[in-house]
Amino acid sequence: MNRRFKRYLAAVAAVLIAIVWAFPVYWMINSSFLTPLTISGLTPTFLPFDGTLQNYRDVTTDTPFFEALTMSIMVVAVALIVCLAFATLAALAISRFRFKGRKTFVLTVILVQMLPAEAMFIAQFQMISELGLLNSLAGVSIIYVAMVVPFTIWMLRGFVAGVPIELEEAAMVDGCTRLQAFRRITFPLIAPGLVASGVFAFIQVWNEFALASVLLTDDEVQTLPLWLRDIAQQSNLGAPEWGQIMAGSVLVAVPVIIFFVIVQGRMAQGLVGGAVKG
């Protein structure tokens, strides 16, 4: 009975925590359908029975939403492809080969993750400016790749280390080259790990605001977080349009949710598969 009671209490506590965690998301979606008059009212509206889609029409027609969406998708695509390519090769090297400076490299990867991003803003801005890549897809993608590569290397290292090297050696005995053994044996086994690492990199790049605000100062070249900031800064007689802000927030969050729903199965496999001692 004591065990059942404890399990019941744990389940109730978990449900309450889930409700508290999900309430801000629900409130954001609910508010995005309310009119400005209803939002500014003293009585809270928990269900948008008299809701409207006007907020969504305003933010998608009166603002450069689709331009910002296109920019964000391109930045994420370039950063993910380049990051996963570099990180996979680096994780393979530090997991499969013993070379001079290997431990130093691994330690450097960890130390880079400990540095606050704000400490490198000035150096990154000057570097991109001297290359003439400010307000460009290439410039912001280079910085984003450098930002997410260290963590991705560290994460993929555990997945590669979890695949026995004997499998590759057996494939090479059968006539495969080292590259063929990796492509046919190791790569399919670490695919869930690539998905899990890609999800973390995707979320980090998609939601990044500080670096984008430094490197993308042109209003015509914006990612979605910068676009949402501009909506928040707009005001009507000094009062922010909270309905439009909430609608914009929902539009920014929807692609992340769709991406996560598509890859959640692979991600779960990857997170479990990466729990090995590397």
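A residue is called buried when its relative accessible area is under 20%, exposed when that area is over 50%, and partly exposed in between (1.4 Å probe, protein chains only). Valine 12 is partly exposed, with a relative accessible area of 34%. Please keep in mind that you are looking at a predicted model, in which local features need pLDDT of at least 70, side-chain atom pairs count only at pLDDT 80 or more, and totals for chains, interfaces and linings use all residues. Residues are numbered from 1 along each chain as its sequence is written, and side-chain values use heavy atoms, with hydrogens and water left out.

Let's begin with the whole chain. The chain holds 12 helices and two strands; helices (H or I, at least four residues) and strands (E, at least two) are DSSP runs, numbered from the N terminus. Along the sequence their pattern reads α-α-α-α-α-α-α-α-α-α-α-β-β-α. The C-alpha atoms fill a box of roughly 75 × 70 × 35 Å along the principal axes. Of the 278 residues, 36% count as buried. A contact means heavy atoms within 4.5 Å; among the contacts with a separation of 6 or more, 72% link residues 24 or more positions apart.

How far can you trust the model? The pLDDT is the predictor's confidence in each residue, from 0 to 100. The chain averages 84, and 93% of the residues score at least 70. Over residues 270–278 the pLDDT is below 50, and this stretch has 14 contacts in the model beyond near neighbours in sequence.

Now back to valine 12, which sits in helix α1 (residues 2–31). Together with Phe5, Tyr8, Leu9, Val15, Leu16 and Ile19, Val12 makes a nonpolar surface patch of about 690 Å². Such patches are made of residues with over 30% relative accessible area and no salt bridge; like charges are joined within 9 Å, and nonpolar side chains (Val, Leu, Ile, Met, Phe, Trp, Tyr) within 5 Å. A salt bridge here is a side-chain nitrogen of Lys or Arg within 4 Å of a carboxyl oxygen of Asp or Glu. The areas come from the Shrake-Rupley method with a 1.4 Å probe, and for residues only the protein chains shown count as cover. An α-helix has 3.6 residues a turn, so residues three or four places apart point the same way.

Further along, proline 36 lies in helix α2 (residues 36–39) and is partly exposed at 47% relative accessibility. The C-alpha atoms of proline 36 and proline 240 are separated by 9.5 Å, although these residues are 204 residues apart along the chain.

Helix α3 (residues 54–61) has Asn55, Tyr56, Asp58 and Val59 as its buried residues. They lie on the same side of α3, because they cover an arc of only 160 degrees around the axis; the arc is that of the directions from the helix axis to the C-beta atoms.

In helix α6 (residues 121–130), the buried residues are Phe121, Gln124 and Ile128. Their arc of only 70 degrees around the axis puts them on the same side of α6, whereas Ile122, Ala123 and Glu130 are exposed on the other side. The buried residues of α6 pack against α7 and α10 (210–215). After α6 comes glycine 132, with a positive phi near 70 degrees.

Serine 141 belongs to helix α7 (residues 137–161) and counts as buried at 4% relative accessibility. Leaving aside residues up to four places away in sequence, serine 141 touches Val75 and Val78.
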